[in-house]
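I opened a new notebook page for this chain. My plan is to look things up one at a time and write down what I find.

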Amino acid sequence: MFASPLDQPALLKSFTDVGTTVPIPNGVARLVSGSALQQCDEWKKAFKVRCKDHRYYEILEQTLDGFEHHYLLIEDCSGTIRAVQPLFFVRQNLTEGVPGRIRTVIDFVRKKFPRFLTMRVLMVGCVAGEGHLGACSSDDEAWVAEALHASLQTIARRHKASLVVLKDFPAKYRSALGSFPSNGYTRVPSMPLTRLTLHYASFDEYFKTLGKATRKNLRRKFRKAEDAPRIDLEVVTDVTPYVDEIYPLYEQVHERSRLKFETLTKEYFCDVGRRMPERARFFLWRQGGRMIAFSFCLVHDDCIYDECLGLDYRVALDLHLYFYTLRDIISWSLKQGLKYYCSSPLNYDPKLHLGCDLVPLDLYVRHTARLIDPIFRHVVRYLEPTRHDPVLQQFPNASELRN
């Protein structure tokens with residue numbers, strides 16, 4: 001077990017370097033740097049059952065820019081570490097993705113006040129992915145949630161953050177995090193993931209379950225690609241030899257996205273493959289030897305997580321590469337015996353017609369200024385991203401976003 005700071009002076013110094021120790025009911029929460037966790041067994045244990053385990057968080061800290069990464073060690077009265085919770089500070093534009101009349105008003109105000117609704121935020125969770133509680137035991141999740149509730153406001157104020165946000169926590173945590181919306185925080189829906197159940201023997205069997213109009217549309221799209229020069233697929237674990245080919249494709253898709261948070265780097269793609277080889281899968285599509293598409297996926301248990309897509313838009317729209325690549329990934333997943341295909345947020349219209357369900361994610365938000373927070377709680381409901389996407393309400397389980 002990772003010894004308490006009192007037993008390890010060097011680690012105690014790493015705690016005090018960050019400068020925040022917060023008493024909590026029946027314990028203490030210490031803000032530490034990533035280097036303090038290298039010999040911490042609890043750090044490896046906290047996310048052991050997750051697809052994105054401790055290695056993934058370390059990769060994010062080492063390869064992405066614009067974020068101040070920290071970790072909250074949560075100990076009980078006996079000095080036992082019960083959780084290691086990743087968190088980070090970032091300056092965030094709160095109106096990212098807000099369209100229409102509201103955006104017009106905000107842009108007008110920003111002519112006079114450029115930093116209007118742009119704040120330093122303390123975020124709990126994962127920079128690139130959904131959030132999870134870092135409890136070392138699932139039985140401790142409610143206790144850890146209470147510890148976070150007791151400490152986050154203090155940490156945010158000491159580090160001059162105006163907002164506290166629990167970022168993209170799956171709906172399964174609503175019970176454990178119940179004290180947040182009932183004690184000062186506002187829970188609003190974030191942009192959800194989608195999931196397709198793969199209870200089929202082949203892609204053709206799955207294809208037959210789709211609606212008539214969707215099948216006709218897909219046949220036309222597939223035929224367009226099949227009539228073009230041959231497209232070859234390769235699946236690799238380490239994308240390092242090809243990163244200079246795939247990264248411009250990632251940039252093309254990223255620039256077209258209306259919602260941007262993190263920007264992935266070449267180092268990120270290389271490190272994931274090298275450090276998580278049993279999970280990372282890169283699907284590479286070439287035409288005439290030239291890379292025209294790639295998809296970065298993670299495989300864990302019985303699920304494949306489609307994390308990121310890159311496309312060469314010189315041919316992507318004509319060849320309908322989004323659908324072509326999706327067919328290949330689903331076909332590959334079925335051959336591997338996987339049961340679920342999960343996809344990252346956005347681009348919901350095709351996912352609706354392809355039979356996907358929503359996987360709700362929640363934001364828990366609070367302003368650190370007591371006088372401003374009651375006003376902000378009303379404003380944030382108009383800023384939350386899902387209210388501006390009409391397609392989401394057409395999914396059969398759309399009500400789960402808020403219930």
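Entry 1: I started with R55, which counts as buried at 17% relative accessibility. My cut-offs are these: buried is under 20% relative accessible area, exposed is over 50%, and partly exposed lies in between, with a 1.4 Å probe and protein chains only. I note that this is a predicted model, where local features need pLDDT of at least 70, side-chain atom pairs count only at pLDDT 80 or more, and totals for chains, interfaces and linings use all residues. Residues are numbered from 1 along each chain as its sequence is written, and side-chain values use heavy atoms, with hydrogens and water left out.

Which residue forms a salt bridge with R55? I found D53, with the closest N and O atoms 2.9 Å apart. A salt bridge here is a side-chain nitrogen of Lys or Arg within 4 Å of a carboxyl oxygen of Asp or Glu. D53 is buried too, at a relative accessible area of 5%.

Entry 2: R55 is one of the buried residues of helix 3. I count helices (H or I, at least four residues) and strands (E, at least two) as DSSP runs, numbered from the N terminus. Helix 3 spans residues 54-63 and is mostly covered, with 8 of its 10 residues buried. The buried ones are H54, R55, Y56, Y57, E58, I59, L60 and T63. What do they pack against? I listed helix 2 (41-46), strand 3 (68-76), strand 4 (81-93) and helix 9. Contact means heavy atoms within 4.5 Å.

Entry 3: The structure holds 22 salt bridges. I picked out R174 and D362, whose side chains meet at 2.7 Å, N to O. This pair links distant parts of the chain, 188 residues apart: R174 sits in the loop between strand 6 and strand 7 (186-197), and D362 in strand 13 (residues 357-367). Buried or exposed? R174 is buried at 17% relative accessible area, and D362 is buried at 0%.

Next I looked at R402, which bridges to E384 with the closest N and O atoms 2.5 Å apart. Both lie in the segment after helix 13 (373-383), 18 residues apart. R402 is partly exposed at 39%, whereas E384 is buried at 4%.

**Entry 4: two positive phi values.** I checked K160, a residue that is not a glycine but has a positive phi of about 60 degrees. K160 is in the loop between helix 5 (141-158) and strand 6 (163-170). K160 counts as exposed, at 69% relative accessibility. N347 also has a positive phi without being a glycine, near 55 degrees. I placed N347 in the loop between strand 12 (340-343) and helix 12 (348-353). N347 is partly exposed at 43%.

Entry 5: Y322 belongs to helix 11 (residues 321-335). Its C-alpha is 9.4 Å from that of G310, 12 residues away in sequence.

I then turned to R258, in the loop between helix 8 (243-256) and helix 9 (266-275). R258 is partly exposed, at 37%.

**Entry 6: the whole chain.** The chain has 13 helices and 13 strands. Of its 403 residues, 57% count as buried. Among contacts between residues at least 6 apart in sequence, 75% join residues at least 24 apart. The accessible surface comes to about 18,400 Å², of which 52% belongs to carbon and sulfur atoms. Areas come from the Shrake-Rupley method with a 1.4 Å probe; for residues, only the protein chains shown count as cover.
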